[in-house]
Amino acid sequence: APIQAPDLGDCHQAVDLPDTAPETNCCPTYRAGTVAVDFTPPPASSPLRVRPAAHLADRAYVAKYERAVSLMKQLPADDPRSFAQQWRVHCAYCDGAYDQVGFPGLEIQIHNCWLFFPWHRMYLYFHERILGKLIGDETFALPFWNWDAPGGMSFPAIYANRSSPLYDPLRNPAHQPPFPLDLDYSGTDTTIPRDQLIDQNLKIMYRQATRKTELFMGQPYRAGDQPEPGPGSIESVPHNTVHQWTGDPRQPNGEDMGTFYSAARDPVFFAHHGNIDRMWYIRRGLLFPGNTDFADPDWLNASFLFYDEDARLVRVRVRDSLDAAALRFTYQDVGPLPWLNSKP
Ligand code: C2O
């Protein structure tokens, strides 16, 4: 059977928080008795949100994005759309704040399994729509960190401006732009020259993005299963490596980006996951045209809860997440994929 959406009324202390993390409440706002509505896709006539590459974004876009994030940070802390609530959504689903419905003591974990891509897609979907709503712009789209192309292989500068709401002090100070990104980072900086590093990154992209379905998406995870059966290729590298590369090594757990509970406190989380999502998007649209996703009903019917732009609690199933066009978003066309010819 599929993993079912948690009971928000049963959210508890996150059991997987690292020992060295400060006291952290990961449970999102919940008013007892609130009933979730089932997800319905946006009307087919609603505008398509085109997510831009962060390193190509123009001033007008950045100003708009900053205004939206700043308004999100100003919402009352208990508003489910506030920045203070948005990172908790991630924290609760990844540090064991929910038990599986019907399996007390068995946590829900959306990482290291086949729920990784669909859960994060829907998390971004609602986050993006909340930001758009705050600035009254139905076309607003989150940027993506284009780390699979040479132009995007450093920390995106729009997040590095200290006076911007996109800034977060808890980052690795040595990895600020234009310091080159190593997609294979494992805690120490490489000394290989930039050209070679780019070449190595492109080979990694080819290898990770072209795996067969189960290796790409992650291992099956069903109701009653122990969490974390195994990550997909992209989740391991570059997803985990870029998280670790970004976080602050002076913090006990690489906060913010380097550990689950705090990762989404850094606005760059959403650009990183934009490109993670884009790898799935590209796969369906271009690499393997047609549907190469799982057909297993335990995947398709797995469900999650999110608050939408009107602060309504919504139940989403994996099957609702498969088609980006139906969700009315797409990615800026940044030209041919530079790694397609980098078969290792
Ligand atoms: Cu839910 Cu990039 O982690």
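Biologist: Are H6 and H8 roughly parallel or antiparallel to each other?
Modeller: H6 and H8 are roughly antiparallel, a label for angles over 145 degrees, whereas angles under 35 count as roughly parallel, 65 to 115 as roughly perpendicular and the rest as oblique. Please keep in mind that this is a predicted model, in which local features need pLDDT of at least 70, side-chain atom pairs count only at pLDDT 80 or more, and totals for chains, interfaces and linings use all residues. Residues are numbered from 1 along each chain as its sequence is written.

Biologist: At what angle do helix H6 and helix H8 pack, and how far apart are their axes?
Modeller: Helix H6 (residues 233–246) and helix H8 (residues 268–287) pack at about 165 degrees, and their axes are 11 Å apart. The axes are lines fitted to C-alpha atoms, for helices over the stretch in contact, and the angles run from 0 to 180 degrees between N-to-C directions. Helices are DSSP runs of H or I with at least four residues, strands are runs of E with at least two, and both are numbered from the N terminus.

Biologist: Which residues make the contact between H6 and H8?
Modeller: From H6 they are Ile-234, His-239, Val-242 and Thr-246, and from H8 they are Val-268, His-272, Ile-276 and Met-279. Two residues are in contact if their C-beta atoms, placed from the backbone, lie within 7 Å.

Biologist: New topic. How do H1 and H3 stand to each other, roughly parallel or roughly perpendicular?
Modeller: The axes of helix H1 (residues 59–74) and H3 come within 8 Å and cross at roughly 95 degrees, and H1 and H3 are therefore roughly perpendicular. Ala-68, Val-69, Leu-71 and Met-72 of H1 meet Ile-130, Leu-131 and Leu-134 of H3 in this contact.

Biologist: What about the sheet: what is the order of its three strands?
Modeller: It is an open sheet with the order S1-S6-S5 and mixed pairing. Strand S1 (37–38) and S5 each have a single partner strand, so one side of each is left without a neighbour in the sheet. Strands count as paired if DSSP finds at least two bridges between them.

Biologist: How many bridges join S5 to strand S6, and which way do they run?
Modeller: Five bridges join S5 to strand S6 (residues 313–317), and the two strands run antiparallel. Leu-305, for example, stands opposite Arg-315 in S6. S1 and S6, in turn, run parallel and are joined by two bridges, with Val-37 opposite Val-314 in S6.

Biologist: What lies between S5 and S6 in the hairpin?
Modeller: Five residues lie between the two strands, and Ala-311 in the turn has a positive phi of about 65 degrees. Ala-311 is partly exposed, with 15 other C-beta atoms within 10 Å. A residue is buried if 20 or more other C-beta atoms lie within 10 Å of its own, exposed if 12 or fewer, and partly exposed in between, with C-beta atoms placed from the backbone.

Biologist: Why is strand S5 largely enclosed by the rest of the structure?
Modeller: Four of the five residues of S5 (residues 303–307) are buried, so the strand is largely enclosed. Tyr-307 lies in this strand and counts as buried because it has 23 C-beta neighbours inside 10 Å. Not counting residues up to four places away in sequence, Tyr-307 touches Pro-80, Arg-81, Phe-126, Arg-312 and Leu-313.

Biologist: Which helix lies across S5 and S6?
Modeller: H3 does, running at about 15 degrees to S5.

Biologist: Last one: which residues touch the most other members of the largest nonpolar core?
Modeller: Of its 86 residues, these are Cys-91, Ala-92, Tyr-93, Leu-115, Trp-119, Met-122 and Phe-306. Helix H3 (residues 116–134) gives the largest share of this core, ten residues. Such a core is a set of buried Ala, Val, Leu, Ile, Met, Phe, Trp, Tyr and Cys residues joined through C-beta atoms within 7 Å. Met-122 touches Phe-304, Phe-306, Val-316 and Ser-321, again leaving out residues up to four places away in sequence.
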